[in-house]
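Colleague: I would like to go through the labels attached to this model and hear what each one rests on. Please show the structure before we start.

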Amino acid sequence: MANTNLVVDLRQINILQGEQLVLEGVNLRISKGEFVYLIGKTGSGKSSLLKTLYGALPLHEGQAKVTDIALTSLDRHSIPTLRRNLGIVFQDFNLLTDRSVKENLDFVLRATGWEQTQERNNRIQLMLEQVGLNGLEHKMPHQLSGGEQQRVAIARALLNDPALILADEPTGNLDPETSDEILLLLRQLAKKHNTAVLFATHDYRILENFPARIVRCFQQRVVSDEDIIV
């Protein structure tokens, strides 16, 4: 019987970059509302795993579902459906530098089918309130601190109420105090929305101060408690 609580269900998948095997025999399961750290040295496969989960790397071997969408049968029609179920937060914020905070969020809503202006405005206002940026909607990205820009990125990731947030080193460019604020915000919002989070990080200080389940990329494997589940 299928576990309807799973948002990530990977079984014996192999992840390749071109012809090169990056990760082998990956088993990973993440449930709704669960917060999971993804760790490993540079080049260990963390980013490749994340790219596979959001459909940027094709998957041909093993069984894999993300938000109940099969990754092995993704095509140009199903990839947008998959990504509407995901929120993605990067280290470098990836904001549109020539648009205000509000326009950055509005761009995503328009692209994902929100047709009514008032509904978009209401959604943007709600998300900015939740990430503590109320009143900054008309600021340009360069007028914000790094921590504020990452809060905009988190608001953007939450716009469509995703089942899963993939966070790729989201605190990598931030000082320790701001890193802690961003991490706590993400954990708080994930709990509030029952959203699962896979949080890739090199910052072992965060792991010590804010413990959660850890998944490690190591020697072309993904090591976690999932590996012993039959």
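Colleague: Which residues do ring pairs link into a cluster?

Modeller: The model is a predicted one. In it, ring pairs link F35, Y37 and F199 into a cluster. The search of the whole structure finds three aromatic pairs.

Colleague: Why is the pair of F35 and Y37 called edge-to-face?

Modeller: The ring centres of F35 and Y37 are 5.2 Å apart and the planes make 80°. A pair needs centres within 6.5 Å, and planes over 60 degrees apart count as edge-to-face, so the label applies.

Colleague: What makes the pair of F35 and F199 tilted?

Modeller: For F35 and F199 the centre-to-centre value is 5.7 Å and the plane angle is 35°. Under 30 degrees would be stacked and over 60 edge-to-face; the rest are tilted, and therefore this pair is. The pair links distant parts of the chain, with F35 in strand β3 (residues 35-39) and F199 in strand β8 (residues 196-200), 164 residues apart.

Colleague: Are F35 and F199 buried or exposed?

Modeller: Both F35 and F199 are buried, and Y37 is buried as well.

Colleague: What sits over the ring of F35?

Modeller: The charged end of R187 does, at 4.8 Å from the centre of the F35 ring. The distance cut-off for this label is 6 Å, and CZ of Arg must also be within 35 degrees of the ring normal.

Colleague: Which residues touch the most other members of the largest nonpolar core?

Modeller: Y37, I154 and F199 do, in a core of 37 residues. Elements that each supply at least two residues of this core include β3, α5 (146-158), α6 (176-193) and β8. Leaving aside neighbours within four places in sequence, I154 is in contact with V89, V131, I182, L185, L186 and L189. A second, separate core has 33 residues, among them I15, I30, V66 and A200.

Colleague: Why is P80 called partly exposed?

Modeller: The relative accessible area of P80 is 36%. Buried would be under 20% and exposed over 50%, so a value in between is called partly exposed. P80 is placed in helix α2 (residues 78-84).

Colleague: What makes strand β2 (residues 20-31) mostly covered?

Modeller: Nine of the 12 residues of β2 are buried.

Colleague: How do you know that β1 (residues 6-17) and β2 pair?

Modeller: Eight bridges join β1 to β2, which run antiparallel. At least two bridges are needed for a pair, so these strands qualify. In this pairing L6 stands opposite S31 in β2. The two strands form a hairpin with two residues between them, and G18 in the turn has a positive phi of about 65°.

Colleague: Which strand order gives the open sheet of four strands?

Modeller: The order is β2-β1-β4-β5, with antiparallel pairing. β2 and β5 (69-70) stand at the edges, because each has a single partner strand and one side of each is left without a neighbour in the sheet. Between β1 and strand β4 (residues 63-66) there are four bridges in the antiparallel sense, and R11 stands opposite Q63 in β4. Helix α1 (residues 46-53) lies across β1, β2 and β4, running at about 120° to β1.

Colleague: Why are β6 (86-90) and β10 (221-223) said to stand at the edges?

Modeller: Their sheet has six strands in the order β6-β7-β8-β3-β9-β10, is open, and has mixed pairing. β6 and β10 each have a single partner strand, so one side of each is left without a neighbour in the sheet. Neighbouring strands of this sheet are turned by 20° against each other on average, direction ignored. β7 and β8 pair in the parallel sense over five bridges, and the bridge partner of L164 is A196 in β8.

Colleague: Which residues of α3 are buried?

Modeller: V101, N104, L105, D106, V108 and L109 are the buried residues of α3. They pack against α4 and α5. G113 follows α3 and has a positive phi, near 95°.

How values were computed:
Residues are numbered from 1 along each chain as its sequence is written. This is a predicted model: local features need pLDDT of at least 70, side-chain atom pairs count only at pLDDT 80 or more; totals for chains, interfaces and linings use all residues. Side-chain values use heavy atoms; hydrogens and water are left out. Rings of Phe, Tyr and Trp (its six-membered ring) pair if their centres lie within 6.5 Å; planes under 30 degrees apart count as stacked, over 60 as edge-to-face and the rest as tilted. Buried means under 20% relative accessible area, exposed over 50%, partly exposed in between (1.4 Å probe, protein chains only). Contact means heavy atoms within 4.5 Å. Axes are lines fitted to C-alpha atoms, for helices over the stretch in contact, and angles run from 0 to 180 degrees between N-to-C directions. A nonpolar core is a set of buried Ala, Val, Leu, Ile, Met, Phe, Trp, Tyr and Cys residues joined through side-chain atoms within 4.5 Å.
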